[in-house]
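The stops below go from the whole chain to single residues.

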Amino acid sequence: MKRLAILAALASAACGPTVKRISMEPAQVQISTKGASVQVHATARDEKDQAIPDVQITWASSDPAVAAVDATGKVTAAKSGSATVSATAGEIKGSATVKVSIPSSLAIMPPEVTLMGIGQASRLQSAVKDDAGNAVVGQPVMYTSSDPNVAAVDNGGNVRSIGPGTATITARTGALTATSKVTVNMPEFDKVAVTPKGQVKVKMGKAEHLTAAVTNKGAPVMGVTAKWSVDNAQVATVSPNGDVMGVKKGKAKVTATAGAKTDSVVIIVQ
């Protein structure tokens with residue numbers, strides 16, 4: 001009897017620990033490029049949830065046309081869709097879900113934008129779809145302008161008019177591109193008026209602020225920005241915002257220009 005008990009114990013020990021479950025890492029896989037691969041690791045575990053080494057694992061995919069898996073657990077994307085990758089040891093199975101979303105089309109809305117005046121804004125929206133026709137959420141899209149002097153754009157699709165003319169905004173994600181045409185027109189106006197009127201006295205090293213009002217038939221016109229200039233920078237300087245700085249004693253003329261319209265004021269530096 002002793003001999004039989006010893007033999008039974010040795011046989012039990014020889015069998016080794018029993019696989020109770022198979023853990024998968026990662027348990028969820030997302031792939032966005034055709035032919036791209038992700039390695040999935042399967043670990044056999046015993047009743048104490050300890051890893052069991054050297055366990056033979058068999059791999060399989062529920063839909064190889066979407067995501068195939070090889071004998072090492074490497075998952076490769078084929079087309080958009082969902083699949084379950086399983087790792088089996090005897091009767092014990094572990095699984096990982098695979099989501100494949102391969103961008104195949106990019107659209108930008110609206111395809112044409114017209115902005116009236118400088119400093120006006122509009123936002124473009126992009127839509128990315130995969131090869132199954134489903135929306136791809138979270139796909140980064142980059143935007144560029146063919147002429148930033150006409151229309152500038154940021155990576156949120158926010159377009160801002162800079163100057164009159166036309167520009168093409170291009171949205172890009174991977175190899176996919178889409179475009180929108182932006183036209184910047186100038187509104188009608190008939191007058192530019194600088195204030196304060198008459199002569200403006202400025203002390204050396206001090207500044208005075210000038211404003212330029214753009215109007216059409218007496219009504220203010222938005223979207224037209226006057227450009228400032230000075231005929232004698234040794235006496236006074238002027239910033240793009242109309243701030244005049246006295247440099248040395250003397251006279252200078254500061255002019256505001258919008259299109260073909262101008263207005264000027266004499267600066268006396270004391």
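Start with the whole protein chain, coloured by secondary structure: this predicted model has one helix and 28 strands.

Next, show the surface. The protein chain exposes about 15,700 Å², and carbon and sulfur atoms supply 53% of that area. Of the 270 residues, 34% count as buried. Colour by charge: the mean positions of the 28 positive and 19 negative charges lie 9 Å apart.

Now select the loop between β4 (41–45) and β5 (58–61), which holds D49 and also D54. What is the phi of D49? It is near 65°, a positive value in a residue that is not glycine. D54 also has a positive phi, about 60°, and is not a glycine. Most residues other than glycine have a negative phi. Is D54 buried or exposed? D54 counts as exposed because its relative accessibility is 81%, over the 50% cut-off. D49, at a relative accessible area of 35%, is partly exposed.

Move on to the loop between β10 (103–109) and β11 (112–116) and select P110. A cis peptide bond joins M109 to P110, with omega about -10°.

For the last stop, go to P196, in the loop between β19 (191–195) and β20 (199–202). The bond between T195 and P196 is a cis peptide bond, with omega about 0°. Most peptide bonds are trans.

Methods:
Residues are numbered from 1 along each chain as its sequence is written. This is a predicted model: local features need pLDDT of at least 70, side-chain atom pairs count only at pLDDT 80 or more; totals for chains, interfaces and linings use all residues. Side-chain values use heavy atoms; hydrogens and water are left out. Helices (H or I, at least four residues) and strands (E, at least two) are DSSP runs, numbered from the N terminus. Buried means under 20% relative accessible area, exposed over 50%, partly exposed in between (1.4 Å probe, protein chains only). Accessible areas come from the Shrake-Rupley method with a 1.4 Å probe; for residues, only the protein chains shown count as cover. Lys and Arg count as positive and Asp and Glu as negative; His and the chain ends are not counted. The place of a charge is taken as NZ of Lys, CZ of Arg, CG of Asp or CD of Glu.
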